[in-house]
Amino acid sequence: MLLLMLPCLFPLLAGQERVHERIEVIYQEILVRVFDGGRPITGLKAGDFLLYEDGRPVKVAYCRELRRSLAQPENEPGTPAEAKARPRLFLFMLWFNEESREWPKAWEYFLEKVYRPGDRVVLSDGAQVLELSSLDRDKEKTAAFFASMNVDLHWKRLDKIRLVGELEKSVTEFHEDLVFSQGDREELPSAREAREKSFLHRFQSGYLAALNEYRLARLKGRPAWLENLAGALKAVEAEKWALVFLQNERLPLLHRDSRLFRDAPMLQETLSELKRFMEDSEREIKLNSDVMGYLRDLRPLFVGANATYHVFLSDTAGDEIFNEHLQWQPVFSSWEGTFRQISADTGGKVINSTRLGEALRQAAEREDVYYVLTFKPSAGDKRRRDIKVDVKRPGLNTVYSRKLQLGELFPLKIQAMEWWDGKLTVSLADYQRTYGEEGLAGKLQVSLRAAVSGGAPLTAAREVTPKEPAADVAFALNFPTPGHYLVEVEVSDLLTGNRTRSGKEIDVAPPPAPVPQEIKDLPQILDLTAVLDRAAELDAVLQKAAGYCRRLKEAAFRFYCLEKVEERILERDPLMRRVDPAERRWHYDYQITGADGMIQERRRLILDGTHKVEREDAALETRFSSHYSVFLPVTLLAVENRREYSYRFIEREEVKDRRCAVVEVLPSQPQSSGIAQGKVWIDEADGSVLKIEMSPRGISGMEALEKAARKMSAELILNVIHWYLVGHDGLRFPSETQFIEQYRFDKSLANRPQIDVRGYHPSTTVLETRVRFVEFYRLQQRYEDYRFFEVESREEIHNLE
């Protein structure tokens with residue numbers, strides 16, 4: 001598993017030489033969503049994708065599937081606070097045309113079920129934008145925003161009432177002109193046609209003028225404003241969600257059942273012209289065609305903002321029109337069609353419902369699935385590349401950004417060189433990395449030459465493959481003689497050909513005189529009495545522990561309990577450009593059966609995350625796993641295992657009001673690894689074990705973790721603790737097990753030398769040390785609700801002969 005730690009970077013040393021080479025981009029990442037109709041597709045691998053750059057096929061080096069949902073995770077008691085600190089941004093686009101009684105329900109659901117402290121919220125209603133960093137602190141700003149929005153909706157309602165009046169007047173006057181201005185029956189057809197044409201033109205002018213005035217004031221889009229909004233959204237580094245509440249507009253338009261068509265006398269030519277006018281005006285108003293050109297440009301901007309868009313469509317429910325000529329008719333907005341497509345492209349959901357609270361709940365439960373594809377683009381300039389991504393499986397649709405702007409890399413650097421305790425540590429940065437068999441890694445050749453006056457030079461070379469953006473390479477130098485050495489280091493980036501050099505002077509002092517053996521032994525002679533006392537105490541404790549282990553080993557028991565497993569691991573999400581903890585949870589019905597020194601355990605999975613399941617004989621799916629924890633005291637303390645270990649009394653300590661002896665248990669062979677070892681807390685009264693803290697050397701797979709830590713120039717800190725706080729019939733059973741994988745980065749940072757402006761030469765360099773701890777992995781297993789069916793011990797505690 002790739003360990004995604006980000007080591008600290010260091011300033012340059014004063015005398016460092018820099019070699020500038022040609023810069024070229026080695027790898028890039030692209031986000032892809034794959035759909036079967038509207039259903040997101042999961043489980044794809046790198047080999048399932050076909051990627052083309054400017055029409056040429058490119059190999060997909062690495063593929064990663066990521067998932068997220070809008071719903072707030074249900075954190076159980078005891079969840080670390082930092083696990084809830086994942087940054088999120090919510091953009092509310094509130095496009096209401098009339099007051100909505102359902103909107104407050106959606107806002108209430110968001111506050112109760114989705115929002116958590118630390119989230120950023122942006123409110124926009126088309127006329128104003130408000131960014132909120134804390135809804136608790138910004139209650140007054142939020143109330144003022146919604147009050148202003150309601151005022152605007154009130155004016156919209158008044159404008160629509162005014163529009164109804166103007167259109168009603170225009171149609172009524174046209175109807176009356178046709179009815180009450182009939183001429184003589186002997187009137188020539190040409191005169192009547194001219195008169196009706198005059199009435200029609202006056203009606204058309206008044207009708208269109210009223211509609212266009214309203215459209216320009218209330219229906220005209222703001223493409224430039226939306227373009228700026230999309231650009232600002234893309235610049236934010238967080239998990240981004242856009243919630244678009246789009247209320248369908250309606251207008252009072254002339255309808256075909258109007259009295260105008262039933263009883264108004266008009267020539268067939270006038271009637272045909274009137275119907276054509278109705279069709280043309282409805283098409284112009286309803287389709288809102290003046291923004292279609294902008295929408296084609298806005299769609300890729302919103303998709304490229306790396307946000308998931310949920311669209312909530314609702315109808316207005318205003319007053320009825322009591323008029324014999326007009327009726328409410330929907331306006332088919334081009335914005336609706338565009339945001340429908342944007343939602344589909346970004347893994348969102350489109351819901352057409354007036355129950356906005358329920359609609360938001362449905363959207364919150366939808367899971368967004370996307371893939372991160374890594375590939376090596378062709379060499380050349382940083383122009384924009386045309387990218388095409390297909391899937392080998394037929395019938396699937398891919399959505400991605402079709403334009404790729406390549407980024408800039410920097411020259412290879414030696415950030416610092418530090419000599420300490422016989423080791424020279426070289427800190428490197430800005431080397432190239434690409435994907436290979438071991439994942440994303442660089443490839444560097446580091447050469448060292450140390451020269452001293454009058455002596456032969458020392459040389460060393462090493463090829464390293466760092467997986468992080470910065471790395472330390474350490475050389476253990478055993479200088480043969482004291483003296484003043486000049487050490488030169490040259491680093492070559494084997495992926496790009498870049499090179500850089502730096503040097504450091506090291507003074508090697510003569511070794512100190514040896515300490516006589518009788519002086520070394522003096523403290524031991526003085527403390528001999530104390531050592532004998534501790535040995536007697538240790539022997540007494542181990543005898544009681546051996547008796548307890550015999551009872552535990554020979555006992556017959558069977559119990560069930562609820563095992564709650566929580567796992568948290570750092571993972572990188574390129575969509576947010578940061579490393580965040582990913583969590584998983586399981587609940588098992590856990591059964592242990594012990595008899596005649598044998599033990600069996602069975603698990604039945606009953607909860608996977610938030611989903612209830614029923615899976616018999618389930619295995620732990622965690623990165624680490626502990627088996628037969630109930631018998632671990634027997635492994636460390638039983639008489640038959642004594643020859644494998646040595647024991648040392650450390651101290652006394654109270655655990656849950658029990659006086660315990662803390663005993664260190666180490667393998668008798670110093671080089672043994674992978675064998676259980678650590679510290680044990682033994683109850684001095686009955687020899688039972690309350691706590692075991694395992695040593696990392698006793699954990700299988702420790703060598704691989706230490707190797708990974710060395711590649712990151714970090715110290716591995718692995719804590720594995722077993723608690724036995726559940727007592728029953730004189731025996732103790734597991735209550736909790738913890739695995740914590742942590743890394744310690746201890747860097748010496750060399751600040752840039754300050755410049756003495758009077759003498760124009762650099763002053764001394766100041767060194768400081770920065771220590772940083774990064775918790776990469778945490779596993780917690782809690783055992784609750786014990787149900788004992790049988791506990792029988794066939795021996796009492798007795799002293800060993």
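Me: In β10, which residue is the bridge partner of L246?
Reply: The model is predicted: local features need pLDDT of at least 70, side-chain atom pairs count only at pLDDT 80 or more, and totals for chains, interfaces and linings use all residues. Residues are numbered from 1 along each chain as its sequence is written, and side-chain values use heavy atoms, with hydrogens and water left out. β9 and β10 (residues 307–315) run parallel, joined by 9 bridges. In β10, L246 has as its bridge partner L313.

Me: How many bridges join β9 to β11?
Reply: Strands are DSSP runs of E, at least two residues long, and helices are runs of H or I, at least four long, numbered from the N terminus. Two strands pair if DSSP finds at least two bridges between them. L254 has L326 as its bridge partner in β11. β9 and β11 (residues 326–331) run antiparallel, and the bridges that join them number 6.

Me: Which residue in β9 stands opposite F92?
Reply: β6 and β9 run parallel, joined by 8 bridges. In β9, the residue opposite F92 is L243.

Me: How many residues of β9 are buried?
Reply: Buried means under 20% relative accessible area, exposed over 50%, and partly exposed in between, with a 1.4 Å probe and protein chains only. Strand β9 spans residues 239–254 and is mostly covered. Of its 16 residues, the number buried is 16.

Me: Which element gives the most to the lining of the second largest cavity?
Reply: A cavity is a set of points on a 1 Å grid over the protein atoms alone where a 1.4 Å probe fits but cannot get out; lining residues have an atom within 4 Å of a point. The lining here is L94, W95, F96, D125, M149, D152, L153 and K156. With 4 residues, the element that gives the most is α2.

Me: How much space lies in the second largest cavity?
Reply: The structure holds 4 cavities of 30 Å³ or more. Grid points are joined across faces, edges and corners, and a volume is the space filled by probe spheres set on the points. In the second largest cavity that space is about 50 Å³.

Me: Is D683 buried or exposed?
Reply: D683 lies in strand β32 (residues 678–683), and R658 in strand β31 (residues 658–667), 25 residues apart. Their side chains meet in a salt bridge, 2.5 Å from N to O; the term means a side-chain nitrogen of Lys or Arg within 4 Å of a carboxyl oxygen of Asp or Glu. R658 is partly exposed at 30%. D683 has a relative accessibility of 2%, so D683 counts as buried.

Me: Which residue meets R604 in a salt bridge?
Reply: R604 is partly exposed, with a relative accessible area of 22%. The N to O distance of the bridge is 2.3 Å. The partner of R604 is D589.

Me: How many salt bridges does a search of the whole structure find?
Reply: Side chains of opposite charge can pair when their charged atoms come close. E537, R652, R659 and E684 are linked in a network of salt bridges. For the whole structure, the search finds 38.

Technical notes. 1 Å grid on protein atoms, 1.4 Å probe; cavity = no way out; pocket = protein on both sides within 12 Å on 5 of 7 lines; lining within 4 Å.
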